[in-house]
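Please look over the sequence and the structure shown below before reading on; the paragraphs that follow move from the backbone to the ligand.

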Amino acid sequence: MPETKWQVTVDKDLCIGSGGCVLRAPDGFELDAARQSCARHEVMASSDAVLDAAENCPVEAISIVEEGSGTVVFPPED
Ligand code: SF4
């Protein structure tokens with residue numbers, strides 16, 4: 001079965017630089033010089049750590065979309 005790939009983005013207008021996502025998913029996120037988070041890769045393998053980081057971002061700045069299908073993984077749609 002092919003590995004699921006995610007497109008992960010951080011909304012820099014929302015990010016407050018808490019660093020939580022970097023601690024939870026160091027392979028997925030890094031802080032830039034302005035202490036704002038960005039995804040290490042535009043497309044990455046799906047991972048519990050990255051989803052955990054998105055779920056625990058205090059300002060819901062992280063979005064995850066499944067590559068190909070465009071299915072929204074996070075934030076959950078109402
Ligand atoms: S957890 Fe959210 S607010 Fe904190 S650095 Fe990551 S994206 Fe920014």
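**Backbone and ligand**

Arginine 35 is partly exposed, with a relative accessible area of 48%, where partly exposed lies between buried (under 20% relative accessible area) and exposed (over 50%), computed with a 1.4 Å probe on protein chains only. The model is predicted, so that local features need pLDDT of at least 70 and side-chain atom pairs count only at pLDDT 80 or more, while totals for chains, interfaces and linings use all residues. Residues are numbered from 1 along each chain as its sequence is written, and side-chain values use heavy atoms, without hydrogens and water.

Most residues other than glycine have a negative phi, and most peptide bonds are trans. Arginine 35, not a glycine, has a positive phi of about 60 degrees and lies in the loop between β2 (29-31) and β3 (37-39); strands here are DSSP runs of E with at least two residues, helices are runs of H or I with at least four, and both are numbered from the N terminus. Glutamate 60 also has a positive phi, near 50 degrees, and is found in the loop between α2 (48-56) and β5 (62-66), where its relative accessibility of 48% makes it partly exposed. The peptide bond from phenylalanine 74 to proline 75 is cis, with omega near 0 degrees, and proline 75 belongs to the segment after β6 (72-74).

Around the ligand there are 13 residues, of which Cys15, Ser18, Gly19, Cys21 and Cys57 come nearest, a residue being near if one of its heavy atoms lies within 4 Å. The shell around the ligand holds 8 nonpolar residues, 5 polar and no charged; Cys counts as nonpolar and Gly as polar, while Asp, Glu, Lys and Arg are the charged residues.
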